[in-house]
Amino acid sequence: MDPEISIMLQCPSPKGLAETEVRAELSPAYDRRQLPGGQAWIDSVWEARCRYSPWLFNGSKFRLHSAQLDGGSLTFHLGLTCYKDFLGTNRAGMARHLQQQGWQDFGDSQAYLAEPLGVGAMVHTADDGFVFLRRSMRVGEAPGLVDIPGGHPEPQAVVGDVPEESIRSENLPRQMVVKEIFTSILREIRDEVNLPLPTLSQPVLLGIARNQTSAGRASAEFYVRCSLMSEQVKQRYEIGGPEAQESTGIIFIKREDVLTLEQTGGMWRELCPSAKGAVRLYTLVQGGEQ
């Protein structure tokens, strides 16, 4: 098995989980634990990264503490975190040490990590292809590798005009948070691939995968059907959307080949961990479906 990824949760039904079958529980108790030495380390990492990449923006994110399947429904246990803390914990050189310390202090290897929840989508075209994107060399994670459309759900999208620093988990309506998790992946597909929302189905959740190259950061992986043929999708992509700068090319892989990607090796080695997690979940959950 590929050491870059692990499956945190797999939906038991090949249909996946619809938005109506998902709940969210938010609490400050699900936030990251403060580092024993305070915030200075994270501040120094952020300042160094901003000098190298001045376009970085420290936005608020949902922190995935845990998730629980109960019969036919799933509950996300969420706190709040930010991109700055992600770079200073999950993506920092001391991430492994923080995991060891978290286990010793709290019996939880992720306790000191930011753990922002990501989202990704297996986008399935009308002619049985799946959409993959070649990441730009300018992006902060996995430059040059092959990915799926994805990003993060945004607390700011739930609260509207409330300043980032004033967002509190207790002020976030639970079902609006679930709606944002499901809506955010459609926005990412629209903005990265330039596909109109009416061409996309409602997302169904396949499960949650962990990226072990980012100290186990979790991403909710979805299946989304597109009503366009691959050539039409390519034409839309080449026109360019709001986030066109994040990728340099589009790749289509037939479903039958997606199901054997991990075994055949070639293209699998070019996938970034987020794409690997989504492909594995799709294969596990819907691989037997026709």
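**Questions on a predicted chain**

Reader: What makes the radius of gyration agree with that of a compact globule?
Author: The radius of gyration is taken over C-alpha atoms, and the globule rule is 2.2 Å times the number of residues to the power 0.38. For 290 residues the rule gives a value near 19 Å, and the chain has 18 Å, so the two agree. The C-alpha atoms fill a box of roughly 55 × 45 × 40 Å along the principal axes.

Reader: How is the model to be read, and how are residues numbered?
Author: This is a predicted model, in which local features need pLDDT of at least 70, side-chain atom pairs count only at pLDDT 80 or more, and totals for chains, interfaces and linings use all residues. Residues are numbered from 1 along each chain as its sequence is written, and side-chain values use heavy atoms, with hydrogens and water left out.

Reader: What makes a set of residues a nonpolar core?
Author: Its members are buried Ala, Val, Leu, Ile, Met, Phe, Trp, Tyr and Cys residues joined through side-chain atoms within 4.5 Å. Buried means under 20% relative accessible area (1.4 Å probe, protein chains only). The largest such core has 42 residues, and Phe76, Leu78, Ile181, Ile189, Val193 and Leu205 touch the most other members. Helix α5 (residues 174-193) gives the largest share, 8 residues; a helix is a DSSP run (H or I) of at least four residues, numbered from the N terminus. A second, separate core of 24 residues includes Val146 and Leu281.

Reader: Which residues does Leu78 touch?
Author: Contact means heavy atoms within 4.5 Å. Leaving aside residues up to four places away in sequence, the partners of Leu78 include Phe62, Leu117, Val177 and Ile181.

Definitions and conventions:
Buried < 20%, exposed > 50% of the residue type's maximum accessible area, 1.4 Å probe, protein only. Helix = DSSP H or I, 4+ residues; strand = E, 2+ residues; numbered from the N terminus.
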